[in-house]
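I'd like to walk you through some helices, so let's get the structure up on the screen.

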Amino acid sequence: MKAVIERGNISGIIKAPASKSVTQRAYAAALLHSGTTVISNTGTSNDELAVLRIIQQLGAEVTTSTAGLSIQSNGVQPITKTIDCGESGLAARLFTPIAALSDSKIIVTGTGSLLKRKMKGISEVLPILGVNIIGSRDHLPLTLLGPMRARSIALDASGGSQLLSGLLFALSSCATEPVIVKVNNLKSQPYIDLTLDVLAHFGKEIAHNSYKEFYINPAKFQQKDRITIDIEGDWSGAAFFLVAGAIAGSVTVNNLDVNSRQADKIILDVLIAAGAMVAIGENSVTVSQRPLQEFEFDATHCPDLFPPLSILAAFCEGESKIKGVHRLFDKESNRVESITEMLYDYGVHFSVEEDTLFITGDEKVQGTVIDTYNDHRIAMAAAIGALRAKGPVEILDAEVVNKSYPNFFEHLVSCGANCSHIE
């Protein structure tokens, strides 16, 4: 699908979709929980649906009720030999350790760009825990021969926090004695906070020493027969509309927890630093357009903000600096390439020096054709930038937004954007 967007101001109120980061973790916890879990306000993105399929492939029974999704489980008891992670990197890194809890041979696979993304750390850590890996050790598909045996381990988390999250879920399920996970160079720390919060909600409190050592002590866990959890709104998806309000009108995003642990909530600090008008309510944020100034921001722990922040910087007076480029290489696309190509097509001056992206704002952003590189966040960023372009903007393969935000274009149109879709 191609989306064509014309320049124009927007104004409206939208509801943020469910946080897929929280949803995927809640599904993992529900699978590992012996009993019933009821989850409300779940999302329908491709990534979330992939994880819902995975927990069923690993033995959970899922039914729909008036209260939400009801998940009945007795731990990992696979009913298939293969789990399919779709294109979700989090699903692959989260559920590979979880699947390894089984004593059955399990194949972990995926589709599309996920098959090209490195699964850093899995082949180093799982064998220490008694899991044999057959075939490729750095990319999906992976064949696992468990079961995992809990013991203290060390992990290099310089590539991100997702594998650590998977290990914390898996070890908290199989440990019968205290174990310690030592972590070096942790990136994306706020996502570990989400993992710890979900585990605690399910009665599994894990202590840590400044995120360098995590203490799993099953003697301190509390067994609960029935657990309910309501999924909060997604700051990652909301960030695009908050930037849209800052550059092209005014947008209110509801269903946002302003006390959330989500990493991308920090978008508020950047918008305020850039001079946008930001009003924070009890569960909503309104951002309105004002003259914007350059900003500096380190996105090392929240790399998903790079695409919307790149568009924000394109309309700020002066040169903005976004640090953390090294976190962009192993995403749905090589985001160094896809972001800079988007900026180039828009006619925005930029440069990349070492670990920093420099962007000089320009009111002469031009109409163009944007290649999304099959990356949902590039499609959404390009759509927001189109609101201020001097001519029409065509966004190729715009349907990739379904990976995380299926209603993105519907919400954009509801705010007054002139957007048409061509199959």
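Let's begin with helix α1, residues 20-32, and helix α2, residues 46-57: they pack at an angle of about 5°, and their axes are 9 Å apart. That makes α1 roughly parallel to α2, a label for angles under 35 degrees. The axes are lines fitted to C-alpha atoms over the stretch in contact, and angles run from 0 to 180 degrees between N-to-C directions. Helices here are DSSP runs (H or I, at least four residues), numbered from the N terminus.

Quick caveats: this is a predicted model, with local features needing pLDDT of at least 70 and side-chain atom pairs pLDDT 80 or more, while totals for chains, interfaces and linings use all residues. Numbering starts from 1 along each chain as its sequence is written, and side-chain values use heavy atoms, with hydrogens and water left out.

So who touches whom? From α1 you've got K20, T23, Q24, Y27 and L31, meeting D47, E48, V51, L52 and I55 of α2; contact means heavy atoms within 4.5 Å. By class, that contact has 5 nonpolar, 2 polar and 3 charged residues.

Next pair: α7 (residues 235-248) and α9 (residues 306-314) pack at about 5°, axes 9 Å apart. That makes α7 roughly parallel to α9. Here A239, F240, V243, A246 and I247 in α7 meet P307, P308, I311 and L312 in α9. The class count is 9 nonpolar, no polar and no charged residues.

Last one, α5: 10 of its 13 residues are buried, meaning under 20% relative accessible area with a 1.4 Å probe, protein chains only. Among them are L163, L164 and F169.

Notes. Helices (H or I, at least four residues) and strands (E, at least two) are DSSP runs, numbered from the N terminus. Angles under 35 degrees count as roughly parallel, over 145 as roughly antiparallel, 65 to 115 as roughly perpendicular and the rest as oblique. Ala, Val, Leu, Ile, Met, Phe, Trp, Tyr, Cys and Pro count as nonpolar, Asp, Glu, Lys and Arg as charged, and the others, Gly among them, as polar. Buried means under 20% relative accessible area, exposed over 50%, partly exposed in between (1.4 Å probe, protein chains only).
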